[in-house]
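Here is a short briefing to read with the model open beside you.

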Amino acid sequence: MVKGLFAGLALVLSSSALAQWQIDNEHSRLSFVSVKKDVIGEVHKFKQLKGSLSDSGQLNIEIPLSSVETMIPIRNERMQKMLFNTKLFPSAHLTAKVPAEYFNLKDNASKVVTVQADLGLHGVNKLLDVEVMITKVSDNKLLVTSFKPVVISPADFGLDKGIMQLQAVAKLPSITQSVPVSFVLTFTQ
């Protein structure tokens, strides 16, 4: 009887562990666009994303800001130091609640939903409405993508001073103060 109890407990614990979805960093991307000199748009990304999605729909994502990739090493360093201040604020964090019924989709089925996300960046938290498409790729793979870009205002997070510093050091007449962000997040169990 004790053996059966432990076997049942092990089954419950293992199914709980399987219910947790983890970000597959290799197949995930968080990108943002900056515009300099009023006409030159450039796409940047973060090379690292960490996070999970629980079976109850709790989404937690950590974005290590030192993983910013602009394809220009000196610009990466300047963004880390002047814009993000990664020594004081090493990561951005995003949390949201995804309705659990979207995990019961059939394979290759998609749904679009708007979720309210809490973005913590540079010591400031702000609620954002984010429209996402959730696609169940298979029993152990879920894809969450931006259905439309999320436009972030750097000033909302106290990043406008950092943008001014970047603008001055690069001798640019302007850098945009609105930043479109898009993402593809692959979760696996």
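Leaving aside its neighbours within four places in sequence, which residues is S174 in contact with? They are V35, K36, K37, D38 and Q167, where contact means heavy atoms within 4.5 Å. Please keep in mind that this is a predicted model, in which local features need pLDDT of at least 70 and side-chain atom pairs count only at pLDDT 80 or more, while totals for chains, interfaces and linings use all residues. Residues are numbered from 1 along each chain as its sequence is written, and side-chain values use heavy atoms, with hydrogens and water left out.

**The chain as a whole**

- The chain has 3 helices and 12 strands; these are DSSP runs numbered from the N terminus, with helices being H or I of at least four residues and strands being E of at least two.
- Of the 189 residues in the chain, 40% are buried (buried means under 20% relative accessible area, exposed over 50%, and partly exposed in between, with a 1.4 Å probe and protein chains only).
- Among contacts with a separation of 6 or more, 60% come from residues 24 or more positions apart.

**Around S174**

- You will find S174 in the loop between α3 (160–169) and β12 (179–188).
- With a relative accessible area of 15%, S174 is buried.
- The side chains of S174 and D38 are joined by a polar contact of 3.1 Å (a pair of N or O atoms within 3.5 Å; within protein, one must be able to donate a hydrogen and the other to accept it, and residues adjacent in sequence count only if both atoms are side-chain atoms).
- K37, one of the residues that S174 contacts, lies in the loop between β2 and β3.
- The phi of K37 is near 55 degrees, a positive value in a residue other than glycine, and K37 is partly exposed at 44% relative accessibility.

**Salt bridges**

- Side chains of opposite charge can pair when their charged atoms come close.
- The structure holds 6 salt bridges (a side-chain nitrogen of Lys or Arg within 4 Å of a carboxyl oxygen of Asp or Glu).
- K36 and E42 meet through their side chains in a salt bridge of 3.6 Å, N to O, and both residues are buried.
- R75 and E42 form a salt bridge of 2.8 Å, N to O. R75 lies in helix α2 and E42 in strand β3 (residues 40–46), so this pair ties together parts that are 33 residues apart in sequence. Both R75 and E42 are buried.
- D156 and K126 also form a salt bridge, with their closest N and O atoms 3.6 Å apart. This pair links distant parts of the chain, with D156 in the loop between β11 (150–152) and α3, and K126 in strand β9 (residues 124–138), 30 residues apart.
- D156 is partly exposed at 37% relative accessibility, and K126 is partly exposed at 31%.
- Through shared partners, salt bridges join K36, E42 and R75 into one network.

**Aromatic rings**

- The count comes to 2 aromatic pairs (rings of Phe, Tyr and Trp, the latter by its six-membered ring, pair if their centres lie within 6.5 Å; planes under 30 degrees apart count as stacked, over 60 as edge-to-face and the rest as tilted).
- The rings of F32 and F46 have centres 5.5 Å apart and planes at 35 degrees, so the pair is tilted. F32 is in strand β2 (residues 29–36) and F46 in strand β3, 14 residues apart.
- F32 is buried, with a relative accessible area of 8%, and F46 is buried at 8% relative accessibility.
- F46 and F84 form a tilted pair, 5.9 Å centre to centre and with 50 degrees between the planes. F46 lies in strand β3 and F84 in helix α2, so the pair ties together parts that are 38 residues apart in sequence.
- F32, F46 and F84 form one aromatic cluster.

- I74 has its place in helix α2 (residues 73–84) and is partly exposed, with a relative accessible area of 43%.
- N85 lies in the loop between α2 and β7 (91–97). N85 has a positive phi of about 50 degrees although it is not a glycine, and N85 is partly exposed at 28% relative accessibility.
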